[in-house]
Structure formats: C-alpha cells, structure tokens
Amino acid sequence: MDNSIFTGCIPALMTPCGPDRSPDFDALVRKGRELVEAGMSAVVYCGSMGDWPLLTDAERQEGVARLAAAGVPVIVGTGAVNTQSAVAHAAHAAEVGAKGLMVIPRVLSRGSSPTAQKAHFKAVLAAAPDLPAVIYNSPYYGFATRADLFFALRAEHPNLVGFKEFGGAADLRYAAETITSGSDEVVLMVGVDTKVFHGYVNCGATGAITGIGNVLPKEVLHLVALCEKAATGDLAARARAKELDEAFGVLASFDEGPDLVLFYKHLMVMTGDAAYTHHFNETDALTEAQRGYAEQQYHLFRSWYAEWSKTARHQ
C-alpha cells in the first residue's frame, strides 16, 4: 500500500472557533489550503491539536469532509472514548476521500491492556482497509505500542504502514530499531516538534507532524529540508539543521505540554490570524506570564532567523 501520504512535513490543524465557541469550518479549510500551498504535504485533523475531545462526532466529521471536499490532503485522527466511535470516524474518513488514518489507542476503558488495544486497533484498521494508517504512540494516551503488537497487526492489516512516535528521543529510537528500519514499506513519523533533527538524522524518519508549523510554516519546512539532507550525510546541512533545531527549542517545546493548543493559537493570532482568538472552553486561557513568554520567544526566534537565514541561502 502506498505510504507516501506520511512523508514530508504535515501540520496538525487546530480547530478555530468563533465567540460562540462553535467550530469555524471556513477558517479551518482556509488554513488547510494555505499550509498546503506553503509546501506542506498534507494536514492532520482531528488529533489532539484539533481538540477532538471537545468536539462532537458530527463536528469532527464535518471538518474532515470540508477539508477533503476542498482538495486538502487530510489524515484523520481516530481518537475516541469508545471503539465504536473510532470505527465510525475511520469509515467516514474513507467515505469522504481522506488520504490516511492516524490510529489512536483506546482511552479510559482498559487502556493499559494489550489485548484490548489489539482489538481496538484491529477494528479501526478494518473499518477503512483501503486507507493507509499509522499508529500514534504517545504517553498521553497511556499505552505504548511495542514491536510484537505492531507486526501482529500488520500481518492482518496491510493498510498499517507506519508509526507516529510522540514519546521522545528514546521512544523514537526504539521505533526505528525494532519496527521501522527493516523495510521501506514501514514509515516512521516524528510526532513532537522538539525531536525533528533526532528523528530524521538518527532514526530514519521520513515525515514529521508539527504543531509549530501552523505558525511558522516556512521556517519548519526549512528545518525538515535541512534534516532530510543531513540524513544523507551532508555535512553543511547537518550543522545548519542543528542550529535551526536548537533555535526552535522553546517554541517547539510548547508541543510537549498540555497547553500546546493555547500556546499555538495565541501565536497564530500574533501572526494576524484572528480566527484562532477563541477556545472551546472559555476558561481555557494562557496566564499573563505564559503569553508574555511566548511572545518574547516568538520575537526572538523571528529576529534570529531573519539574520541566520541570510547565511543559509544555499542550504
């Protein structure tokens, strides 16, 4: 099965909403188109960045359908509190023309049980057998998919073509060493912005799902391009990639915390996109100190990048 949808740089879209706290699907589609036109290979919707626990199933599916109808290549998150809902999201994704699935573990009920997780994964994969899928491995979901389970699932579901790893450096290496390096048919995706260099250069990743890429798409695409070159042994690209990866440090680290959507929506507003001003819960807000810190780091990065990029035009 073609796994190319999981290559390149892929932003995880946030869900904009209006003052009435209802989703703004026009703004969602507009942002998806804008990011693809900027060079992103696809988008993810609706993962944790999309606030899936705060949306109804109908709202999530409307967002997916609107993106697909607009020609935006969309990978659909299947996070749900029960397997039936996850299966419905997978089936809907296939029906409306989505390009791939991000299969999220079963949560809350028997989430630590490998037997329960295997049954959950199988049901979701079987609901859309013609859609390529990756399993999303994240400590926030309370279950780590190991190699034995992955290959047992792949033996029965050839649409399982890869692994999205959010767990950090050690987990990325585990995935590379035990799951994804044995065949070009199985891809590894970096799932956290702080590990792009490590994922590409040390672990053979072929794709990255990004949060900060919503805010700074040109700069994140530059980082991924440098990392791709560095992964071939290019000495100059490796040095440049490490510099840019380090400079992204604080802005990328927002991706690791529970307030990631709050931070990135605030930064989106700073770039002039007022559609991201509001959150679904009125009480969800950054503190004054958090806002000030994010703004300082954003301006620092932009100033640094403007100077640094003048010396990196050929990289």
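Modeller: What follows covers the aromatic rings, then a lysine and some backbone details.

The model is predicted. A search of the whole structure finds 13 aromatic pairs. Take Phe150 and Phe163. Their ring centres are 5.8 Å apart and their planes meet at 80°, so this pair is edge-to-face. Phe150 belongs to helix H5 (residues 147–156), while Phe163 belongs to strand E6 (residues 160–165), so the pair ties together parts 13 residues apart in sequence. Phe150 is buried, at 0% relative accessible area. Phe163 is buried too, with a value of 0%.

Now Phe254 and Tyr293. This aromatic pair is also edge-to-face, with 6.5 Å from centre to centre and 80° between the planes. Phe254 sits in the loop between helix H10 (249–253) and H11, and Tyr293 in helix H12 (residues 288–308), so the parts tied together here are 39 residues apart in sequence. Phe254 counts as buried, at 7% relative accessibility. Tyr293 counts as partly exposed, at 38%.

There is also an aromatic cluster. Its members are Phe248, Phe301, Trp304, Tyr305 and Trp308.

Two rings carry a charge over the face. Arg146 lies over Tyr174, 3.8 Å from the ring centre. Lys164 lies over Tyr136, 3.6 Å from the ring centre.

Another lysine deserves a look. Lys265 is in helix H11 (residues 260–270). Lys265 is buried yet has no salt bridge. The nearest side chain of opposite charge is Asp51, 4.6 Å away; a salt bridge would need a nitrogen-to-oxygen distance within 4 Å. Leaving aside residues up to four places away in sequence, Lys265 touches Met14, Thr15, Pro16, Cys17, Tyr276, His278 and His279.

Last, the backbone. Most residues other than glycine have a negative phi, and most peptide bonds are trans. The peptide bond from Tyr45 to Cys46 is cis, with omega near 10°. Cys46 is in the loop between strand E2 (43–44) and helix H2 (57–69). Leu108 is not a glycine, yet has a positive phi of about 70°. Leu108 is found in the loop between strand E4 (100–103) and helix H4 (114–127). With 79% relative accessibility, Leu108 counts as exposed. Arg110 is not a glycine either, and has a positive phi of about 55°. Arg110 is in the loop between E4 and H4. Its relative accessible area of 48% makes Arg110 partly exposed.

Notes: Residues numbered from 1 in each chain as written. Heavy atoms only, no water. Helix = DSSP H or I, 4+ residues; strand = E, 2+ residues; numbered from the N terminus. Buried < 20%, exposed > 50% of the residue type's maximum accessible area, 1.4 Å probe, protein only. Lys, Arg positive; Asp, Glu negative; His and termini not counted. Contact = heavy atoms within 4.5 Å. Phe/Tyr/Trp six-rings, centres within 6.5 Å; stacked < 30°, edge-to-face > 60°. Lys NZ or Arg CZ within 6 Å of the ring centre and 35° of its normal.
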